[in-house]
Amino acid sequence: MTRSLVLPLFACTDITQVGGKAIGLARLIEAGFSVPPGLCITTEAYSQSLNESGFSEQVEWEKIRALSEKERELALADVRTRIKQIETAQLAKQWSAELEKLTPPASGGWAVRSSATNEDSARTSFAGLYRTHLGVPFTEIDRAIKDLWTSLWEDSVVRYISQHGDHPTAPRMAVVIQPMLEAQAAGVAYS
């Protein structure tokens with residue numbers, strides 16, 4: 001079965017494919033809440049893009065976990081550089097075609113947000129560890145996607161993961177893209 005590379009937010013039901021944030025947005029949509037339309041670049045797109053460039057996320061993850069802190073920092077920097085250089089033209093055709101179906105943001109910018117497979121779970125939040133880009137021009141979305149992918153490969157993320165139990169499997173990153181809104185008010189609620 002072929003897994004989708006790009007999904008509309010309402011269709012984000014498999015956490016292994018879309019991550020915690022996209023699942024949460026899909027649940028809000030299903031419950032009838034007003035959620036800006038958007039899409040999710042799936043973990044399949046992440047893995048496929050890396051694999052096509054010759055990068056094995058699991059092999060790299062195992063190497064990183066075995067290194068000393070100093071060695072790990074250098075290795076992670078190298079991984080981030082390699083990911084930023086990945087060719088994603090075919091993927092960009094897919095997500096750009098889907099975004100063009102949406103009403104463009106009034107502000108002219110897009111919110112490009114992380115949705116990792118280990119994010120916003122019952123045991124871990126990863127709050128502030130993965131990146132978000134706000135007000136991104138359409139022409140810069142591809143760069144923002146790759147930057148979010150690289151945020152999996154930060155030392156702070158590796159340390160957080162090791163503090164919350166043994167995770168031999170490499171986490172995977174999905175990306176949520178929505179239009180920026182002209183908010184009249186904003187806030188955060190905890191429960």
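## Contact of α4 with α7

In this predicted model, Glu69, Arg72, Glu73 and Leu76 of helix α4 meet Asp155, Val158 and Arg159 of α7, where contact means heavy atoms within 4.5 Å. The residues of this contact divide into 2 nonpolar, no polar and 5 charged, with Asp, Glu, Lys and Arg counted as charged, Ala, Val, Leu, Ile, Met, Phe, Trp, Tyr, Cys and Pro as nonpolar, and the others, Gly among them, as polar.

The axes of α4 (residues 69-84) and α7 come within 10 Å and cross at roughly 130°; they are lines fitted to C-alpha atoms over the stretch in contact, with angles running from 0 to 180 degrees between N-to-C directions. The two helices are therefore oblique to each other, since angles under 35 degrees count as roughly parallel, over 145 as roughly antiparallel, 65 to 115 as roughly perpendicular and the rest as oblique.

## Aromatic pairs

There are 4 aromatic pairs, a pair being rings of Phe, Tyr and Trp (its six-membered ring) with centres within 6.5 Å, stacked if the planes are under 30 degrees apart, edge-to-face if over 60 and tilted otherwise. The ring centres of Trp61 and Trp153 lie 5.7 Å apart with planes at 75°, so this pair is edge-to-face. Trp61 belongs to helix α3 (residues 57-66) and Trp153 to the loop between α6 (141-150) and α7 (155-163), so the pair ties together parts 92 residues apart in sequence.

Phe55, Trp61 and Trp153 form one aromatic cluster. Trp61 counts as buried at 1% relative accessibility, as does Trp153 at 1% (buried: under 20% relative accessible area, exposed over 50%, partly exposed in between; 1.4 Å probe, protein chains only).

## Basis of the values

Helices (H or I, at least four residues) and strands (E, at least two) are DSSP runs numbered from the N terminus, while residues are numbered from 1 along each chain as its sequence is written. In this predicted model local features need pLDDT of at least 70 and side-chain atom pairs count only at pLDDT 80 or more, whereas totals for chains, interfaces and linings use all residues, and side-chain values use heavy atoms, leaving out hydrogens and water.
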